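This report describes selected packing features of one protein model. The sequence and the coordinates are shown first, and the discussion follows.

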Amino acid sequence: MMFWQKLWKLQWFQGRAVIPAPRFLRLVFFSVLITGFGAWWGLGGLFFLLSNGILLGLVAIELLQLRKMPKFGGKREAKALFELGEENQIRLSLHASAPAVGTMWVRDDFPHGFSVNQRTFQIEWKRETEQAIVYTARPHRRGKHFFHDLHVRMESKWKLFHYEERIPARLAVDVYPRLEPVRRVKQGFYRSMPASEGQPIARVFGRGQEFSHIREYRPDDDPRQINWMGTARRGKLVSNVYQPETGQQVAIFIDCGRLMGVRNDGESRLDRALEAALGYAAIALDRGEQVSVIAFSNRMLRMIPPGKGMAYLNKIIEGVYDLAPDDVESDYLAAWEAAAPFLKKQTLVTLFTDAANVAFADSLYRMVTLAKKRHLVLTVSMQEPKWTEILQKEPNHELDVYRQIAVEELMSERKKALTRWNHKKVIALDVEPERLASSVIYSFLDIRCRIWT
C-alpha cells in the first residue's frame with residue numbers, strides 16, 4: 001500500500017480537511033506583490049524572505065491553534081414518517097467537546113430531490129457547547145429515503161483557514177402519501193358533511209337490520225319499528241333506528257400501470273389515487289367493513305388480505321406507501337383472476353385507474369363484466385386538468401382551435417364510454433384530482449346506504 005493511501009486511513013484525514021480561507025489567499029497575493037516591488041528596487045530576495053517568513057509564521061501559529069479546536073459532533077432529529085408534498089421539520093443538534101468560538105457553516109446531506117427552505121446555515125459560537133438548527137424539507141417522491149452526513153466548516157481564529165469535518169448522522173425516513181383524508185375520517189368530518197354543499201345535515205341511516213339507536217316516533221315511521229319498552233319508560237312513542245349491516249367486504253384495486261405515472265403539479269396520478277384510496281379504506285374500516293387492497297400493473301405487486309378495524313389501516317398504509325408506477329400496460333384480467341377467489345358475494349370492488357383506461361381499455365371492460373355478475377363495481381378516475389385549460393383558453397391561432405376540437409372530441413367519447421359504464425351494479429366516478437378523495441368517500445357512503453340496505 002502506498003504512503004498516501006496509508007495516510008488517508010488515519011482517523012484525522014477521514015472526513016476532515018483544512019483548506020485556505022479567502023484571507024490567506026489575499027495575504028499570499030500581497031506577499032507576491034511585495035516581492036515584485038522589491039525586485040523593481042533590486043531587493044527582491046530580501047522582500048521575498050521577509051514576506052514569506054511572516055506568512056509562514058502566521059500559518060504555523062494558526063495551525064497550532066487549529067489543533068486546540070474542540071471536536072464537533074451532531075445528530076439529526078426528524079419524524080420517521082414524512083408526507084408527500086408537505087413541509088416536514090428537521091432539527092440538527094450540534095455539540096462541541098469544549099466551549100467554541102467562531103463562525104461555522106453547516107450543510108445537511110438530505111435525500112436527492114427533496115426541497116429545503118435553506119441549504120447552508122451559518123451559526124456563531126460564543127463559547128457555547130451546543131447549537132441547534134431547524135429547517136423544513138419537502139419530499140418529492142414516496143418510498144424510503146435516506147439522510148446522510150452533516151458537513152460542518154469552522155473558521156480558524158485569525159480566519160486564515162477553514163476546518164471541515166463530516167459528521168456521520170444517517171437517518172432513514174418513509175415518505176407516505178398525503179394522509180389528510182385519513183385524518184378527516186378519524187376526526188369524524190364525514191359523519192356530518194354532505195358531498196355537494198358542505199353544510200351539516202342529519203346523519204342518514206339505511207333500513208338495515210343492525211340496530212343503531214332509538215328516537216322519538218315520527219308519523220312516517222314503520223309501526224313495526226316502535227320500541228314498546230322504550231315507549232313505556234319514556235311515556236311517549238319512540239322508534240328503533242337501524243343502519244346498514246357492517247362487515248361487508250370492500251376490495252380496493254389500485255392500477256400501477258404506465259398511465260398512472262403521468263404527473264400534474266408535481267404529483268403523479270398514482271400519488272393522487274393512493275391518497276384517495278387510503279381515505280376510502282379509512283372510512284370503510286371506520287364503518288366496520290372488511291377491506292382488502294390489490295395493487296397491480298401487468299403483474300401483481302401487492303395483495304393485502306381483508307381485515308377489519310381502524311388498527312388494520314396501518315397495515316394497509318405500510319403495504320402501499322412505496323408503490324411506484326410501472327412502464328407497462330396494466331393487465332386487469334390477470335389482477336381480477338388472482339383476487340376473485342378471495343372475494344365473497346356482493347363485495348364492493350373499487351378500481352382506482354386512469355380515465356383513459358376506463359373509457360377505452362377492452363381488458364378493463366372484460367374485468368368489469370366478470371365482476372358485476374357477483375359484486376358491486378365502482379371505478380374511480382381523474383379528469384385531465386390540461387384539457388380544461390385548453391378549452392378555457394382563448395384561441396389565438398388555428399392550432400389552438402384544432403387543439404380545442406380534439407379535446408372536445410376526446411371528452412365526448414369518454415363521456416359516452418363512462419355513461420355506458422353506469423349500470424345498476426357499476427358506478428363510474430370521474431372527478432377533478434383535487435376532489436378525488438372526498439368524492440370517492442361520499443360515493444361509498446351513498447352506496448352503503450342505498451344498496452347495502
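## A serine in helix H13

The side chain of Ser443 reaches the backbone oxygen of Ser439 at 2.9 Å, a polar contact (a pair of N or O atoms within 3.5 Å; within protein, one must be able to donate a hydrogen and the other to accept it, and residues adjacent in sequence count only if both atoms are side-chain atoms). Ser443 belongs to helix H13, residues 436–450; helices (H or I, at least four residues) and strands (E, at least two) are DSSP runs, numbered from the N terminus. With a relative accessible area of 16%, Ser443 is buried; buried means under 20% relative accessible area, exposed over 50%, and partly exposed in between (1.4 Å probe, protein chains only). Leaving aside neighbours within four places in sequence, Ser443 is in contact with Leu378 and Leu429, where contact means heavy atoms within 4.5 Å.

The model is predicted: local features need pLDDT of at least 70, side-chain atom pairs count only at pLDDT 80 or more, and totals for chains, interfaces and linings use all residues. Residues are numbered from 1 along each chain as its sequence is written, and side-chain values use heavy atoms, with hydrogens and water left out.

## Nonpolar cores

A nonpolar core is a set of buried Ala, Val, Leu, Ile, Met, Phe, Trp, Tyr and Cys residues joined through side-chain atoms within 4.5 Å. The largest has 49 residues, of which Ile252, Ile254, Tyr280, Ile316, Phe352 and Val440 touch the most other members. Helix H6 supplies the largest share of this core, 12 residues. Not counting residues up to four places away in sequence, Ile254 touches Leu270, Leu274, Ala277, Val293, Ile294, Ala295, Phe296 and Phe352. Another core, of 34 residues, lies apart from it and has Phe82, Leu84, Ala137 and Val152 among its members.

## The buried side of helix H7

Which residues of helix H7 (residues 312–320) are buried? They are Tyr312, Leu313, Ile316, Ile317, Gly319 and Val320. These residues lie on the same side of H7 because they cover an arc of only 165 degrees around the axis, the arc being that of the directions from the helix axis to the C-beta atoms. Their cover includes strand S10 (171–176), helix H4 (180–186), helix H6 (269–286), strand S16 (290–296) and strand S17 (300–307).

## Aromatic pairs and a charge over a ring

The structure holds 11 aromatic pairs. Rings of Phe, Tyr and Trp (its six-membered ring) pair if their centres lie within 6.5 Å; planes under 30 degrees apart count as stacked, over 60 as edge-to-face and the rest as tilted. The pair of Phe82 and Phe147 is edge-to-face, because the ring centres are 6.3 Å apart and the planes stand at 65 degrees. Phe82 lies in strand S3 (residues 81–83) and Phe147 in strand S7 (residues 143–147), so the pair ties together parts that are 65 residues apart in sequence. Phe82 is buried at a relative accessible area of 0%, and Phe147 is buried at 0%.

Phe253 and Trp336 form a tilted pair, 6.0 Å centre to centre with 35 degrees between the planes. This pair links strand S13 (residues 249–255) and helix H8 (residues 332–339), with the two residues 83 apart. Ring pairs link Phe253, Phe296, Tyr332 and Trp336 into a cluster. Separately, Arg170 lies over the face of Phe146, at 4.3 Å from the ring centre; the criterion is NZ of Lys or CZ of Arg within 6 Å of the ring centre and within 35 degrees of the ring normal.
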